[in-house]
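Open the structure in your viewer and keep the selection tool at hand. The stops below follow one after another.

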Amino acid sequence: MEGDCLSCMKYLMFIFNFFIFLGGSFLLGVGVWVLVDPMGFKEIVAANPLLFTGVYVILALGSMLFLLGFLGCCGAIRENKCLLLLFFMLILFIFLAELAAAILAFLFREHLTREYFTRELKRHYQGHNNTDVFTSTWNAIMTTFDCCGISGPEDFEESLFRLLNPNKIVPEACCQRNSFPGDISVEQCMSGSVAFRHNKGCYSSMVDYFETYIYTAGALAIVVLTIELFAMVFAMCLFRGIQ
C-alpha cells in the first residue's frame, strides 16, 4: 500500500513538473524569438525601455521555470534524492523571496504616494537623456500611459528639468503623438500649448490601469503560492519515501 502511494505521488509530481517545464520552455522560446529580431520586432521592443526590460524578465522567468521543471521531473522519475533536495531548496528560496518582497512592499508602502513620486521627479528628472535610468524610465512611462508628470504638467515647475531646459515647459514625452503632422505640434507642446500635450498625470493613469488587473494578480499570486507549497510537500514526501 505504501509502495502504491509512493508510486502515485512520484507520477503526480512528474506530471506537475512536466507542465512547469513546458511553461518555462514556452517563455524561453518567446524571449529568444524576440531577441533574434523577427521582422524588425527587436527594434520596436528596444525603442521602449519597459518592453525591453520585459523581454529579459520573461527570459529569466522562463529559465527559472525550465530548471525547476527539469529538476522536479528527473528527481521524481529517477527517485533521485539529490535532485529532489535541490528542487525543494529552489522552491523554498523562491517562496521566501516572494514573502520578503511582500513584507518589504508593506513596510515601504509610504514611498508609493503621489507626493513621494512628485518630489523625486522634481529632483532627478532631466528630460531627454537616454543614459540616465531614472529619466529614461519616466520617459517610457509617460509615453506608454499617455500622461505627463505625476499629477499633471505643473509638476515640472521649479524642477531640475526646468533648470536644465529653461525654454521648455514640459518634456517631449508629454507630447501627443500622431495627432498633427510635422514637428510643429511637438515644439508647441514643449512651449506650453495645452492642445498638443497630455494633461492627465501618470499617477492616476497607472492606478486606473493596474486597478483593472489587481484582482487577477491577487488571485494568480494565491494560486502560485499554493502550487509552491504543494510542490514542497510533494518533494519532501517523495524524498522521505525513497529508500
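Start by selecting residues 56-77: this stretch is 100% helix and 0% strand, with its end C-alpha atoms 31 Å apart. Helices here are DSSP runs of H or I with at least four residues, strands are runs of E with at least two, and both are numbered from the N terminus. The model is predicted: local features need pLDDT of at least 70, side-chain atom pairs count only at pLDDT 80 or more, and totals for chains, interfaces and linings use all residues. Residues are numbered from 1 along each chain as its sequence is written, and side-chain values use heavy atoms, leaving out hydrogens and water.

Next, select residues 12-36, where the chain is 96% helix and 0% strand and the end C-alpha atoms are 36 Å apart. An unreviewed UniProt entry places "transmembrane region" at residues 12-36, 56-77, 84-108 and 213-239; such annotations may be inferred rather than shown by experiment, and their positions follow the numbering used here, with feature names shortened.

Now turn to the aromatic rings. The whole structure holds nine aromatic pairs (rings of Phe, Tyr and Trp, the last by its six-membered ring, with centres within 6.5 Å; planes under 30 degrees apart are stacked, over 60 edge-to-face, the rest tilted). Select Phe117 and Trp138: their ring centres are 6.3 Å apart and their planes at 70°, so the pair is edge-to-face. Phe117 lies in helix H5 (residues 114-124) and Trp138 in helix H6 (residues 133-145), so the pair ties together parts 21 residues apart in sequence.

Finish at Phe156 and Phe161, both of them buried (under 20% relative accessible area; exposed is over 50%, partly exposed in between, with a 1.4 Å probe and protein chains only).
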